[in-house]
Amino acid sequence: MRFIRWRDPWKDIPVLSDARRSELETLISRTALGDRDAFEALYDATSAKLHAVCLSVLRDRPEAEETLQEVYIRVWQSAARYASNGLSPMTWLITIARNRSIDRLRARGSRPVTAPEDAAAMIACSAPGPESATIMAQERRMLDECLSRLAEAQAGAVRAVYLEGVTYADLAAREGMPINTVRSWLRRSLLRLKDCVSQ
């Protein structure tokens, strides 16, 4: 039996500077609002890394390229739920790429094979370490404080869409507002949050 050493896609996640992380988070937030220019910029900034993840799992370049397109369709569809997962932008994107690639492997009836003695050492722990957990808790407190500075209705709308996964259409129906008004309302709220967090 030939063993293929599974390559951990999290091993090479770049450590993002605060500015780079903020840039990617902003692109994801704007993508969630349907901003195609932001989505294109997000693709340009991250597609090479995500293609490498797909290729490392699938070991087939054409299939990796097809899977990459499916990954960005998923990103476009689920960008509004990004803020609720607590992951860094690249970890979130790589998780989507890896999961979609594994789905493709399962669909064709194969899977990455690892040597038993190496398997445990090669699987990354997905739980955040103490430092990451502390940073995430601080960021969550900062976000809560900044949300408290918004009007109650605006803060509730941001929480509903970005933390609870409520769709724009559902929020518009709930508030009795046109969906484009809701998008503008959320965009202004996000800009205010960004200003608050960056202070």
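The legends below describe close-up views of a predicted model.

**View 1. Packing of helix 2 against helix 3.** The axes of helix 2 (residues 36-58) and helix 3 come within 9 Å and cross at roughly 140 degrees. The two helices are therefore oblique to each other, and helix 2 passes helix 3 in a right-handed crossing. On the helix 2 side, the contact is made by Arg-36, Phe-39, Leu-42, Tyr-43, Thr-46, Ser-47, Leu-50, His-51, Cys-54, Leu-55 and Leu-58. Helix 3 contributes Arg-61, Glu-63, Ala-64, Glu-65, Thr-67, Leu-68, Gln-69, Val-71, Tyr-72, Val-75 and Trp-76. By class, the residues of this contact divide into 13 nonpolar, five polar and four charged.

**View 2. Packing of helix 3 against helix 4.** Helix 4 spans residues 89-107, and its axis comes within 9 Å of the axis of helix 3. The axes cross at roughly 130 degrees, and helix 3 and helix 4 are therefore oblique to each other. Their crossing is right-handed. Glu-63, Glu-66, Thr-67, Glu-70, Val-71, Arg-74, Val-75 and Ser-78 of helix 3 make the contact with Trp-92, Leu-93, Ile-96, Ala-97, Arg-100, Ser-101 and Arg-104 of helix 4. This contact has six nonpolar, three polar and six charged residues. Glu-63, Thr-67, Val-71 and Val-75 of helix 3 are in the contact with helix 2 and also in the contact with helix 4.

**View 3. Packing of helix 1 against helix 4.** Helix 1 and helix 4 pack with their axes 9 Å apart, at an angle of about 55 degrees. The pair is therefore oblique. From helix 1, Arg-21, Leu-24, Glu-25 and Ile-28 meet Pro-89, Met-90 and Trp-92 of helix 4. Five residues of the contact are nonpolar, none is polar and two are charged. Trp-92 of helix 4 meets helix 1 here and also takes part in the contact with helix 3.

**View 4. The second largest pocket.** The space in this pocket is about 230 Å³. Of the 15 residues that line the pocket, Ala-32, Trp-76, Gln-77, Ala-80 and Tyr-168 are the closest to its centre. Helix 1 (18-32) and helix 3 (61-78) each supply at least two residues of the lining. The lining has eight nonpolar, five polar and two charged residues.

Methods:
Residues numbered from 1 in each chain as written. Predicted model: local features only at pLDDT ≥ 70, side-chain atom pairs only at ≥ 80, totals over all residues. Heavy atoms only, no water. 1 Å grid on protein atoms, 1.4 Å probe; cavity = no way out; pocket = protein on both sides within 12 Å on 5 of 7 lines; lining within 4 Å. Points joined across faces, edges and corners; volume = space filled by probe spheres on them. Helix = DSSP H or I, 4+ residues; strand = E, 2+ residues; numbered from the N terminus. Nonpolar A, V, L, I, M, F, W, Y, C, P; charged D, E, K, R; others polar. Axes fitted to C-alpha atoms, helices over the stretch in contact; angles between N-to-C directions. Parallel < 35°, antiparallel > 145°, perpendicular 65-115°, else oblique. Left-handed = near helix turned anticlockwise from the far one by under 90°. Contact = heavy atoms within 4.5 Å.
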